[in-house]
Every structure is written in C-alpha cells, then in structure tokens.
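Trainee: I have a model open and want to learn to read it. Can we go through it step by step?
Mentor: Gladly. Let us look together.

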Amino acid sequence: MLFQRIEDLRIDSDKTQQEIADMLGCKREVYRRYEKGAYDIPLWALIKLSEYYKTSTDYILGLTNTKTPYPQ
C-alpha cells in the first residue's frame, strides 16, 4: 500500500492528523502509524478515508493513479 497517499490527501485537504483521527474515531498516534506504514490500515478505515476524500480505495491502495472514484 502507498501510505504516502493518505498523508498527501490529508495535507492537500489542509487537515491535521488529529482531525482525521477524530473522523476515524481513533487516536492520533494510531492514525500517524497508518500514514507511516507502521500499522496496516483496516478495511473499515480505508473505506471511510476514501469516502471522506471522495476518491477510490484503489487510489489509496496504489492500484490506480486516478484520484476520482468510479461512477456509481
């Protein structure tokens, strides 16, 4: 997984790690470890992040370079 992508998405959105951690309902340290690749991101958090940033899980996972989500 490209952990850099969730950090880039957060920075592009002008959000802090604490704000994203609060949105996910976890501690800032846990979220920081997701960004740094120390912890694997759980599926529920991956889905929440993709919905929050309005991107696809494939983009976050590095399976595509297209940020826009698939049409519904």
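Predicted model: local features only at pLDDT ≥ 70, side-chain atom pairs only at ≥ 80, totals over all residues.

Trainee: Which elements have the lowest and the highest mean pLDDT?
Mentor: Helix 5 (residues 57-61) is lowest, at 92. Helix 2 (residues 17-24) is highest, at 98.

Trainee: How do I describe two packed helices?
Mentor: Two packed helices are described by the angle between their axes and the distance between the axes. Here, take helix 1 (residues 3-12) and helix 3 (residues 28-36): the angle is about 120°, and the axes lie 6 Å apart. Helix 1 is therefore oblique to helix 3.

Trainee: Which residues make that contact?
Mentor: Helix 1 brings Phe3, Ile6, Glu7 and Arg10. Helix 3 brings Tyr31, Tyr34, Glu35 and Lys36. Sorted by class, the contact has 4 nonpolar, 4 charged and no polar residues.

Trainee: What radius of gyration does the chain have?
Mentor: The chain has 11 Å. A compact globule of 72 residues would be near 11 Å, so the two agree. Along its principal axes, the C-alpha trace spans about 35 × 20 × 20 Å.

Trainee: How much of the chain is buried?
Mentor: Buried residues make up 35% of the 72.

Notes:
Residues numbered from 1 in each chain as written. Heavy atoms only, no water. Axes fitted to C-alpha atoms, helices over the stretch in contact; angles between N-to-C directions. Helix = DSSP H or I, 4+ residues; strand = E, 2+ residues; numbered from the N terminus. Parallel < 35°, antiparallel > 145°, perpendicular 65-115°, else oblique. Contact = heavy atoms within 4.5 Å. Nonpolar A, V, L, I, M, F, W, Y, C, P; charged D, E, K, R; others polar. pLDDT = per-residue confidence, 0-100. Rg over C-alpha atoms; globule rule 2.2 N^0.38 Å. Buried < 20%, exposed > 50% of the residue type's maximum accessible area, 1.4 Å probe, protein only.
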